[in-house]
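Please read each point with the structure open beside you.

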Amino acid sequence: MLGRHPGRADTYALGVLSVVPTPITVRVPAKVNLHLSVGDTRPDGYHELVTVFQALSLTDEVTVRTADEPGIEVHGEGADSVPTGPSNLAWRAVQLLAEHSGRDPEEPGVQLTIRKGIPVAGGMAGGSADAAAALLAVNALWRLEIGRDDLADLAAKIGSDVPFSLLGGTALGTGRGERLVPVLARHTFHWVIALDRRGLETPGVYAELDRLRGDTGPHRVGEVEPLLEALASGDPRQLALLLGNDLQSAAVSLRPNLRRTLRAGVEAGALAGIVSGSGPTCAFLCTDDDAAVRVAAELSGAGVCRTVRVAQGPVPGARIVGDDRADRPTPPQVHA
Ligand SMILES: C[C@](O)(CO)[C@H](O)COP(=O)(O)OP(=O)(O)OC[C@H]1O[C@@H](n2ccc(N)nc2=O)[C@H](O)[C@@H]1O
Ligand SMILES: Nc1ncnc2c1ncn2[C@@H]1O[C@H](COP(=O)(O)OP(=O)(O)OP(=O)(O)O)[C@@H](O)[C@H]1O
């Protein structure tokens, strides 16, 4: 590798030596949709949305490094069900940036390591998060200096949730969810996240919503202003009354057990519970950190879900946290 690409920006000639750039690690959050109104299907097959995203403190980390042998390693919970080939969304991000910068997308000379903390196929934008992280990391690795707005345009080509994974915080999303405006959210909100035993595929959940709706319509997207006011006030009780997700009925129709999970969270003391995005993960809003810990303990004892996490939001979007974490003890579960 050393010295083989003297003209490329990712190796730097130092006399007879070349220096391979330091690996870059990006941390990226999960999301929950506090409000998700699904309108009609557009000619391109996507549904018109009005949604409010919030980034939560469940995170993935993506490390990119220059390598002769490209590949993807995935560590952490659910790693076995994450593809390590070209359908991995983070790999698609690498290929997109390679095309964008005039490199060969089939041989980008990059190795990816993904550490999953976001549930896979859980409705929390795990794959989208990895794609956003890979965009930011490779932009830095190759010193492309693509600005945040242009990165967001590239992100939208990969998936509707990817631009929000880059942005983070709390944001209003329109279009198919990719057009974003940041929203003021005072204070930190405390969440309990209940993970289901198996994932749900997003297209199937939208299709189930269409099936349940039948010929009714047109479908107006719901009002979001009261929720934005609750966010600005910072009062979780006010916010709890306004949480809503049009995909919830479809997710519950595909997974009737979610009804029991949602009920159990509220019985355990949460202010309200919703299915997160396309599900099956359920998110419960709590009054404060202590309440969240109590709800999490009770919910995990209720036997209604696979596992339970406590999280806070909003948190920042994808951001560089440092160089290689190769000294970490977690053994890889999937190899490229
Ligand atoms: C459910 C949400 O997570 C809510 O934020 C998103 O709408 C899903 O976003 P995503 O996973 O990034 O989805 P994409 O990869 O863009 O699309 C996957 C599939 O979901 C459906 N889809 C997605 C977004 C949208 N506005 N309308 C749709 O109907 C389509 O069947 C599409 O083929
Ligand atoms: N880097 C990735 N991490 C997780 N899943 C990925 C990744 N790349 C591709 N996938 C595939 O995408 C599918 C959906 O996974 P993901 O975790 O993104 O779901 P999700 O959180 O429900 O997505 P969203 O909330 O954006 O609809 C998985 O079944 C997996 O096969």
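**Notes on the structure**

1. Pro-280 sits in the loop that runs between β11 (272-275) and β12 (282-286). In this predicted model, the peptide bond that joins Gly-279 and Pro-280 is cis, with an omega of about 5°.

2. Turning to the whole protein, the secondary structure comes to ten helices and 14 strands, and 48% of the 336 residues count as buried. Among the contacts with a separation of 6 or more, 75% are accounted for by residues 24 or more positions apart.

3. How do helix α1 and helix α2 meet, and at what angle do their axes cross? The axes of α1 (residues 89-100) and α2 (residues 126-141) come within 7 Å and cross at roughly 35°, and the crossing is right-handed. On the α1 side the contact includes Leu-89, Ala-90 and Leu-97, and on the α2 side it includes Gly-127, Ala-131 and Val-138. By class, this contact has ten nonpolar, three polar and two charged residues.

4. Leu-89, which lies in helix α1, can be followed in more detail. Leu-89 is buried, with 23 other C-beta atoms within 10 Å. Not counting residues up to four places away in sequence, Leu-89 touches Gly-127, Ser-128, Asp-130, Ala-131, Ile-158 and Gly-159. The C-alpha atoms of Leu-89 and Ile-72 are separated by 11 Å, and these two residues are 17 residues apart along the chain.

5. The largest nonpolar core has 99 residues, and those with the most contacts inside it include Ala-90, Leu-135, Trp-191 and Val-192. Helix α2 gives the most to this core, with ten residues, and the core draws at least three residues from each of domain 1 (19-182) and domain 2 (189-313). Leaving aside neighbours within four places in sequence, Val-192 is in contact with residues including Gly-265, Phe-284, Cys-286, Leu-299 and Val-310.

6. The last point concerns the two domains. The domain assignment gives domain 1 (19-182) and domain 2 (189-313), and their C-alpha centres lie 23 Å apart. The contact takes 28 residues from domain 1 and 35 residues from domain 2. On the side of domain 1 that touches domain 2, the elements giving two or more residues are β3 (24-41), β4 (47-66) and β7 (170-174), and the largest share, ten residues, comes from β3. The residues of that side of domain 1 divide into 15 nonpolar, eleven polar and two charged.

How values were computed:
Residues numbered from 1 in each chain as written. Chains lettered and ligands numbered in written order. Predicted model: local features only at pLDDT ≥ 70, side-chain atom pairs only at ≥ 80, totals over all residues. Axes fitted to C-alpha atoms, helices over the stretch in contact; angles between N-to-C directions. Helix = DSSP H or I, 4+ residues; strand = E, 2+ residues; numbered from the N terminus. Left-handed = near helix turned anticlockwise from the far one by under 90°. Contact = placed C-beta atoms within 7 Å. Nonpolar A, V, L, I, M, F, W, Y, C, P; charged D, E, K, R; others polar. Core = buried A, V, L, I, M, F, W, Y, C linked by C-beta atoms within 7 Å. Buried ≥ 20, exposed ≤ 12 C-beta atoms within 10 Å, placed from the backbone. Domains from an automatic or database assignment.
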